[in-house]
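Trainee: Hi, could you go through a structure with me? I have a few quick questions.

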Amino acid sequence: MPSSRLIGWFLLALPVAALAVVNPSPQADEAERKAEVLEQVVAPDVEVTEPVEPLSKQETQVVDPEGSDPLEEPITCLARSIYWEAKGTPGLDMESVANVVMNRLASEEFPNTVCEVVKQGSEQSPCQFSWWCDGRPDEVVEDDAYEVAKEVARQALNQELPDHTDGALYFHDRTVHPPWANEFLLTTETEAFLFYRPEHTNTE
């Protein structure tokens, strides 16, 4: 019967429609590919085999548009770190958090991808970034702040941000003083954070 055929077609079409919603746009795919090449440029032991192209603002903003995607590629991992560590703080604080992630990516002492840097320590203590292992949801709750965080992430991946931290690999909020802070050199202070690096680190 015609009605049965219509219902059957609708049921067959459902997975296709759902797939179209789930799959990222071609522009987001291209942005993610570029970001993976850009992080390879910074990582010390990774050979870059593709042309290096900068990320545009438009490309970056279409990645993880709802702030709820899995943390599996550089833009989302970096932007979500900036967002959760420094949302609501001045731009200098957000950029300085991005500096720390990128400084770690460039260091032989840390992993060779942004996501591995951010997730180091898994979701159990001692995590390197507190938001990643605080047991709370990681989805974005403030769209405007996340848009800013993604723009900072884009600039960081493009190596367009100055390093406000003088090579810092660690930081903490001003409201706390972790014991490890006594072991490192204080490099700079912002309104919200204090930044550190080992004294032997070469920042040239």
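Trainee: Which helix does Asp143 lie in?

Mentor: Asp143 is part of helix α7, residues 143-157. Keep in mind that this is a predicted model.

Trainee: Thanks! And is Asp143 buried or exposed?

Mentor: Asp143 is exposed, because its relative accessible area is 56% and the cut-off for exposed is over 50%.

Trainee: What is Lys57 in contact with, leaving aside its neighbours within four places in sequence?

Mentor: Glu151 and Arg154 are the contacts of Lys57 on that basis.

Trainee: How many residues apart in sequence are Lys57 and Glu151?

Mentor: They are 94 residues apart in sequence, yet their C-alpha atoms are 6.6 Å apart in space.

Trainee: Now the whole chain: how many helices and strands are there?

Mentor: The protein chain has seven helices and three strands. Read from the N terminus, the order is α-α-α-α-α-α-α-β-β-β.

Trainee: What share of the residues is buried?

Mentor: Of the 204 residues in the protein chain, 43% are buried. The chain exposes about 11,300 Å², with 52% of that supplied by carbon and sulfur atoms.

Notes:
Residues are numbered from 1 along each chain as its sequence is written. This is a predicted model: local features need pLDDT of at least 70, side-chain atom pairs count only at pLDDT 80 or more; totals for chains, interfaces and linings use all residues. Side-chain values use heavy atoms; hydrogens and water are left out. Helices (H or I, at least four residues) and strands (E, at least two) are DSSP runs, numbered from the N terminus. Buried means under 20% relative accessible area, exposed over 50%, partly exposed in between (1.4 Å probe, protein chains only). Accessible areas come from the Shrake-Rupley method with a 1.4 Å probe; for residues, only the protein chains shown count as cover. Contact means heavy atoms within 4.5 Å.
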